[in-house]
Amino acid sequence: MIPPFSKIRLIAFFLLVTHIGLGSPSSQAGEAQDLLSQAFSSYEQQQWTSAIASLERALALYPGYAEAHHLLGLIFNNLEKPDNAIMELQRAVEAYPKFAQAYVDLGSIYQHQSQFPKAEQSFNLALKAYPKFTEARIALAALFDQQQQAQKAIKAHQAVLELEPHRVDSLYGIAFWLAQEQQTDEAQRYVDQLVSLHPTYVNGWLMAGSLAQQSDHVDNAIQAYQHAVKLNNDLASAYFNLGILYRQKEDFKEAAQAFEHVTALDKNNAEAHVNLGVVYAALSQIDQAEEEYQTALSLNDQLAEAHYNLGMLYEFHRNAPQKALKHYEEFLKLGGQDERIQTLLQRSKS
């Protein structure tokens, strides 16, 4: 089911005058408006049956009552009857072609059904009716995000920012797609705005860390990921990247703490166990390193790096050449490349 629609704008009187006709009996017009208000009250309380009954009575008085069709469409959507919802929303825009909100709601249903061309058309019709309708621009940007149409998404998010310059999801959306398009400097500009305007937005700091890491700005990346984990201590991916960065700086104690966070949050993360083993080995904590490598292989015995590191541990720290050779052999079977190990295995078989 798609997310709830925005709150209905009650423009009943306007629609009655415009679409029912000035010659209509005022008593009927007033009754239809009252029925719509009753239906809306029931809608807010999720009393669907009562709301539908009121709307059907209103539409019996005036079949072209656009707002009644609109609300009925929203109710059918909440009842998970998308075909009925689409039919009522189409009737709403037929009765009132400038009904921008109805176009957006119609497009949202099409989007949920993966009818993307129809969704795009509906959102664009909303913007044709009301060019500064922020909700329609946001919906269009989200549609292009979902379809991974980078250039269209960037333009759509930029259109949103023209109306709401500080909007967090559009600042993030542009930065994300620019980064995907390898336009790192432009992406960085939007990320800088994002974290400055929204310092508690975790995804902004994660993107800042990612961009800095890709650019080999290790200290900047560490600072960004640290901001992220301060805001959310459950971010295994951020801790993993911190571990990689600290390991790169040969700050093995910090690296160990970061990877320990990862394995505490995600015990089945084999890559984190391998990296934690490497860090423990660098800290001369050989028993812990062996345990981490073995844990990694128990989770995924196809990890070439784990076999390699365990072989190195048995060869140089345990004086257990046969165990080392066994893991070296697995390392080579999994596509690992190391001339010393290849020679070692050949000699062991001669």
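## Aromatic pairs

A search of the whole structure, which is a predicted model, finds 9 aromatic pairs, where rings of Phe, Tyr and Trp (its six-membered ring) pair if their centres lie within 6.5 Å, and where planes under 30 degrees apart count as stacked, over 60 as edge-to-face and the rest as tilted. One of them joins Tyr43 and Trp48, whose ring centres are 5.8 Å apart and whose planes meet at 65°, so this pair is edge-to-face. Tyr43 is buried at a relative accessible area of 14%, and Trp48 also counts as buried, at 18%; here buried means under 20% relative accessible area, exposed over 50% and partly exposed in between, with a 1.4 Å probe and protein chains only.

Tyr308 and Phe331 form a tilted pair, with 5.0 Å from centre to centre and 50° between the planes. Tyr308 belongs to helix H18 (residues 304–316) and Phe331 to helix H19 (residues 321–333), so the pair ties together parts that are 23 residues apart in sequence; helices (H or I, at least four residues) and strands (E, at least two) are DSSP runs, numbered from the N terminus. Tyr308 is partly exposed, at 22% relative accessibility, whereas Phe331 is buried, at 9%. Elsewhere, Tyr172, Phe176, Trp177 and Tyr201 make up one aromatic cluster. Arg189 lies over the face of Tyr190, at 4.7 Å from the ring centre, a charge being counted over a ring if NZ of Lys or CZ of Arg is within 6 Å of the ring centre and within 35 degrees of the ring normal.

The buried residues of H8 are Thr134, Ala136, Arg137, Ala139, Leu140, Ala141, Leu143 and Phe144. An α-helix has 3.6 residues a turn, so residues three or four places apart point the same way. What covers the buried residues of H8 includes helix H6 (100–112), helix H7 (116–129) and helix H9 (150–163).

Gln111 lies in helix H6 and is buried, with a relative accessible area of 14%. Beyond its neighbours within four places in sequence, Gln111 is in contact (heavy atoms within 4.5 Å) with Phe116, Ala119, Phe123, Ala139, Ala142, Leu143 and Gln146.

## Loop residues

Just after H8, Gln148 takes a positive phi of about 60°, although Gln148 is not a glycine. Gln148 is placed in the loop between H8 and H9 and counts as exposed, at 61% relative accessibility. Ser284 likewise has a positive phi, near 65°, in a residue other than glycine; Ser284 sits in the loop between helix H16 (270–282) and helix H17 (286–299), and is exposed, with a relative accessible area of 59%.

His166 lies in the loop between H9 and helix H10 (168–180). Not counting residues up to four places away in sequence, His166 touches Leu171, Leu197 and His198. His166 and Lys98 are 68 residues apart in sequence and 28 Å apart in space, from C-alpha to C-alpha.

## The chain as a whole

The chain has 20 helices and 0 strands. Its radius of gyration is 30 Å, well over the 20 Å that the globule rule gives for 350 residues, so the chain is more spread out than a compact globule; the radius is taken over C-alpha atoms, and the rule is 2.2 Å times the number of residues to the power 0.38. Along its principal axes, the C-alpha trace spans about 105 × 40 × 30 Å. Of the 350 residues of the chain, 46% count as buried, and residues 24 or more positions apart account for 47% of the contacts with a separation of 6 or more.

## Confidence and conventions

The mean pLDDT of the chain is 93, and 93% of its residues reach 70 or more, pLDDT being the predictor's confidence in each residue, from 0 to 100. Over residues 1–23, pLDDT stays under 50, and for this stretch the model has 52 contacts beyond four places in sequence. Where pLDDT is low, the predicted coordinates should not be read in detail.

Residues are numbered from 1 along each chain as its sequence is written, and side-chain values use heavy atoms, with hydrogens and water left out. In this predicted model, local features need pLDDT of at least 70 and side-chain atom pairs count only at pLDDT 80 or more, while totals for chains, interfaces and linings use all residues.
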